[in-house]
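Biologist: I would like to learn how to read a model of two chains. Could we go through it one feature at a time?

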Amino acid sequence: MAKTMQGSGGIGDKWNDLKENVQGSQAWSSIFRPGSIFRKGYNDSPRNRSYVIMNSVLYHLHPVKVKRHAVKVSYTLCLGGLSFFLFILLTVTGIFLMFFYRPTAAQAWDDIYALQTSVTFGLLVRNMHRWAAHLMVLSVFLHMARVFYHGAYKAPREFNWVIGVILLTLTLLLSFTGYLLPWDQLALWAVTVGTNMMGYTPVLGSQVRFVLLGGAEIGTDTLLRWYVLHVLFFPFVTVIFMAIHFWRVRKDGGISGPL
Amino acid sequence: MSEVPEHLLKRAQEARDKAAAKKAAAAGGDAPAEGSADSGDSGSSSEADSRIPAHLLERSKAAKARKAGGGEEASAEGGGGTAVATKPDSAVSAGAGLPTGAGPGGHTQRLLTVVKSGSIQDIKAKPQDKVHVWPHLLVIEFVAALVCTAFVFIFSWLVNAPLLELANFNQTPNPSKAPWYFLGLQELLTMFHPMVAGVTIPGMGIFILILAPYIDKNPSNKPEDRKFAISLMTVHLMFWAVLVIIGSFFRGPGFNFTLPWIDGLFFEL
């Protein structure tokens with residue numbers, strides 16, 4: 001490092017001084033834990049490979065080592081990880097959309113239209129949100145199928161399968177509540193069909209429908225209600241269940257073995 | 001006790017000898033201790049050998065002396081040390097009942113027990129073939145995330161999400177379809193009472209799915225051992241897939257059966 005900088009003389013030394021000052025500062029060492037590669041530098045060694053995981057937030061998601069079969073591409077369809085990644089992608093694009101959207105019957109459709117026609121990248125981000133949502137339903141479904149066919153729901157992973165089925169249901173609910181928000185003909189009548197079906201719940205049918213719609217018929221109250229469910233309630237619940245899901249994956253001994 | 005490893009027994013014996021030697025040294029000043037490896041050393045030099053910093057030893061010695069004699073002696077002994085070393089002494093002397101925190105020979109740690117491996121920990125009999133998560137797994141995950149983002153980005157660039165005309169309560173589109181993942185249910189609606197198709201069947205489906213690991217007691221995960229479970233799941237998944245495909249592509253106006261290559265598609269994502 002120093003040799004390559006020799007041509008520029010003092011600049012290399014200054015750079016090293018600056019680096020030492022920054023890495024020796026209290027702020028730096030308060031950000032990076034003892035043992036972090038950002039404190040002590042990284043050269044490729046088994047110890048440093050462990051430190052990358054051990055001294056970063058990734059340790060919550062991954063152990064330091066995994067069984068070799070876990071990284072074989074044939075077994076790493078990575079569908080669970082991709083579902084999580086799509087959730088993140090949907091959160092990012094969704095936050096962008098929230099800046100331009102008001103959940104009232106009078107303004108919702110106009111806001112979406114304005115987003116597509118006069119907001120920079122508005123159309124692209126809305127498309128990404130929509131397609132990523134459909135893709136997430138698909139990937140969660142395929143993830144469930146893979147887990148079943150590998151028998152990965154068996155002991156000691158029974159309870160994580162239960163959490164997984166709950167997450168599948170939550171994914172469908174997230175997608176379905178988002179379906180109404182554009183407030184176009186497609187949204188209105190798809191949700192009409194869906195909520196009419198829920199209205200046939202035994203005993204509580206009409207009450208369930210009333211609570212879901214915020215009234216006897218779909219209207220601006222329904223829109224507000226489903227908006228809050230879509231952007232706050234269901235993501236909140238989903239994040240909690242995902243945290244338990246990921247925690248249990250590690251506690252139950254990592255991903256399941258090969259067939 | 002026969003199960004304590006020999007080297008630990010040896011170490012404990014050495015520590016005991018050393019403690020005895022030191023006790024003798026403290027009692028008799030420069031008197032050499034018997035049976036110890038470093039028997040020729042004086043008390044002060046054996047203290048220098050130990051890993052414990054001098055000021056801490058000084059402090060513990062002072063506390064011990066104080067317990068035996070009085071406060072003046074402690075301050076006289078500690079006078080050789082720094083102010084930092086003497087200050088905690090007075091704090092300790094305030095609480096007379098506090099332990100001095102030093103064991104035999106000035107050691108602050110001692111062996112309490114030896115726990116055999118395997119008695120409280122689950123020891124894997126044979127080592128497993130493992131690889132580091134960084135870089136092997138993280139690189140794969142990163143590439144997967146990049147490919148996924150690229151796919152969504154390019155697809156969104158090429159295909160626009162539908163935005164039909166403003167919602168209109170007075171104009172029901174024909175056909176009206178639910179989102180694609182509910183079209184299987186809507187398809188069932190043509191065959192059963194809405195309570196059965198819309199609530200009972202999907203509710204039972206989710207319930208049985210949740211119970212799957214508790215119903216399936218077969219411990220094997222090999223496909224050849226679980227032909228029944230795999231067949232049942234495949235039939236179940238295909239049942240929904242076929243219903244969703246029929247509902248999506250083969251239902252036209254009035255939700256009547258159509259052929260997409262003749263009448264066109266009645267489907268919006």
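Biologist: In which sense do strand 1 of chain A and strand 1 of chain B pair, and over how many bridges?

Modeller: First, keep in mind that this is a predicted model. The two strands run antiparallel to each other, and three bridges join them. The strand of chain B covers residues 130–132.

Biologist: Now chain A by itself. How many helices and strands does chain A have?

Modeller: Chain A has eleven helices and one strand.

Biologist: Why is chain A described as more spread out than a compact globule?

Modeller: The general idea is to set the radius of gyration beside what a rule gives for a globule of that length. For the 259 residues of chain A the rule gives 18 Å, but the radius is 25 Å, well over that value, so chain A is more spread out than a compact globule. Along the principal axes, its C-alpha atoms fill a box of roughly 75 × 50 × 30 Å. Buried residues account for 34% of chain A.

Biologist: What domains does the assignment give for chain A?

Modeller: The assignment lists domain 1 (6–60) and domain 2 (68–251). Taken over C-alpha atoms, the centres of these two domains of chain A are separated by 40 Å.

Biologist: Let us take one residue in chain B. Is B:G184 buried or exposed?

Modeller: One counts the C-beta atoms around a residue, and 20 or more within 10 Å make it buried. B:G184 has 24 such neighbours, so it counts as buried. B:G184 is found in helix 7 (residues 183–189) of chain B.

Biologist: Which residues is B:G184 in contact with, leaving aside its neighbours within four places in sequence?

Modeller: They are B:W240, B:L243, B:V244 and B:G247. As for B:F255, 71 residues away along the chain, its C-alpha atom is separated from that of B:G184 by 13 Å.

Biologist: What is the mean pLDDT of each chain?

Modeller: For chain A the mean is 89, and 95% of its residues reach 70 or more. For chain B the mean is 78, with 74% of its residues at 70 or more. Residues 30–48 of chain B have pLDDT below 50, although the model shows 26 contacts for this stretch beyond near neighbours in sequence. Over residues 71–98 of chain B, pLDDT also stays under 50. Where pLDDT is low, the predicted coordinates should not be read in detail.

Biologist: And what ipTM and pTM does the predictor give the complex?

Modeller: The ipTM is 0.89 and the pTM is 0.74.

Definitions and conventions: Residues numbered from 1 in each chain as written. Chains lettered and ligands numbered in written order. Predicted model: local features only at pLDDT ≥ 70, side-chain atom pairs only at ≥ 80, totals over all residues. Pairing = 2+ DSSP bridges. Helix = DSSP H or I, 4+ residues; strand = E, 2+ residues; numbered from the N terminus. Buried ≥ 20, exposed ≤ 12 C-beta atoms within 10 Å, placed from the backbone. Contact = placed C-beta atoms within 7 Å. Domains from an automatic or database assignment. Rg over C-alpha atoms; globule rule 2.2 N^0.38 Å. pLDDT = per-residue confidence, 0-100.
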